[in-house]
Amino acid sequence: MKSLDRFVRALRRLPGVGPRQAERFAAYFLRASQGETEEFITALSSLKEDIKLCRVCFAYSETDICALCADASRDHSQICVVEDPQDIEAIEKTGAYKGLYHVLHGAISPLDGKSAEHVKVRELLARVQQAQPPIREIILATDPDNEGETTALYLADLLRGQVEQITRIGYGVPLGGDIDYMDEMTLGYSLKGRTKI
Ligand SMILES: [Zn+2]
């Protein structure tokens with residue numbers, strides 16, 4: 001059945017979806033009412049139409065500048081650098097951080113041919129250089145795996161001298177982990193226990 005195969009193949013491109021799960025999703029849609037299916041299609045297409053990247057921090061946003069960047073009550077002299085937009089939500093849940101963010105949209109990974117050019121590094125540097133008031137602290141909250149460490153070290157070298165302080169989250173972060181899978185307590189502690197690099 002060509003249509004079914006095609007749909008299952010499309011689902012398998014989603015992160016974390018294996019063949020069994022893709023088949024279960026397909027079975028759900030085959031059973032679903034026309035209304036349920038249409039709701040899904042509408043939600044998916046408005047996701048693509050309405051959500052863009054904040055032009056300051058590159059987080060997902062429905063407006064030109066996201067709510068966090070536009071919030072004057074946040075500390076605009078601190079930037080927390082993360083790999084993925086969903087990491088912001090994980091950090092926000094801890095309540096331990098009141099500064100701004102910068103989303104790299106990936107990490108530097110020489111083995112996969114991903115250099116600094118492939119992530120939003122140039123944009124970060126420009127942002128730091130143009131920031132008014134100046135940036136006091138950059139917190140490197142890339143994932144605690146090989147790529148995340150490589151990226152953190154690269155950024156620390158690049159930004160040294162441009163800001164007062166560069167810190168790296170560390171305490172309590174499991175090695176090889178993924179920031180948005182960490183529980184709030186652990187992530188909160190690791191933010192508070194960040195160290196200078
Ligand atoms: Zn923003």
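**View A. Strands β5 and β6 side by side.** Strands β5 and β6 pair in the parallel sense, over 4 bridges. Strands here are DSSP runs of E with at least two residues, helices are runs of H or I with at least four residues, and both are numbered from the N terminus. Two strands count as paired if DSSP finds at least two bridges between them. Isoleucine 138 has isoleucine 166 in β6 as its bridge partner. Please keep in mind that this is a predicted model: local features need pLDDT of at least 70, side-chain atom pairs count only at pLDDT 80 or more, and totals for chains, interfaces and linings use all residues. Residues are numbered from 1 along each chain as its sequence is written.

**View B. Helix α7 over the sheet.** Follow helix α7 (residues 146-159) and you will see that it lies across β3, β5 and β6 (165-168). Its direction is at about 165° to β5. For such angles, axes are lines fitted to C-alpha atoms, for helices over the stretch in contact, and the angles run from 0 to 180 degrees between N-to-C directions. Residues are in contact if their C-beta atoms, placed from the backbone, lie within 7 Å. Together, β5, α7 and β6 make a right-handed β-α-β unit. Right-handed means that, with the strands pointing away from the viewer, the path from the first strand over the helix to the second runs clockwise.

**View C. The whole open sheet.** Here 5 strands form an open sheet with mixed pairing, in the order β4-β3-β5-β6-β7. The edges are taken by β4 (99-103) and β7 (195-196), each with a single partner strand, so one side of each is left without a neighbour in the sheet. Strand β3 (residues 75-82) runs parallel to strand β5 (residues 137-140), and 4 bridges join them. Along this pair, glutamine 78 stands opposite glutamate 137 in β5, and cysteine 80 has isoleucine 139 of β5 as its bridge partner.

View D. Strand β4 is mostly covered, with 4 of its 5 residues buried. A residue is buried if 20 or more other C-beta atoms lie within 10 Å of its own, exposed if 12 or fewer do, and partly exposed in between, with C-beta atoms placed from the backbone. β3 and β4 run parallel and are joined by 5 bridges. Valine 82 stands opposite valine 103 in β4. From β3 the chain crosses through α5 to β4, in a right-handed β-α-β crossover.

**View E. Helix α5 and its buried face.** Which residues of helix α5 (residues 85-94) are buried? They are Pro85, Asp87, Ile88 and Ile91. Seen down the axis of α5, the buried residues fall within an arc of 140°, so they line one face of the helix. That arc is taken from the directions from the helix axis to the C-beta atoms. As a reminder, an α-helix has 3.6 residues a turn, so residues three or four places apart point the same way. Glycine 95 follows α5 and has a positive phi, near 70°.

View F. A cis peptide bond, with omega about 5°, joins glutamine 132 and proline 133. Proline 133 lies in the loop between α6 (121-130) and β5. In the loop between β1 and β2 (60-61) you will find phenylalanine 58. Phenylalanine 58 is not a glycine, yet its phi is positive, at about 70°. Is phenylalanine 58 buried or exposed? It is buried, with 22 other C-beta atoms within 10 Å. Histidine 105, in the loop between β4 and α6, also has a positive phi, near 60°. Histidine 105 is partly exposed, with 14 other C-beta atoms within 10 Å.

**View G. Lysine 52 in strand β1.** Lysine 52 belongs to strand β1 (residues 52-53). With 14 C-beta neighbours inside 10 Å, lysine 52 counts as partly exposed. Isoleucine 65 is 13 residues apart from lysine 52 along the chain, and 9.7 Å separate their C-alpha atoms.

**View H. Stepping back to the protein.** The protein has 8 helices and 7 strands, and its C-alpha trace spans about 60 × 35 × 35 Å along its principal axes. An automatic or database domain assignment divides the protein into domain 1 (2-50) and domain 2 (72-196).

Conventions: Two residues are in contact if their C-beta atoms, placed from the backbone, lie within 7 Å.
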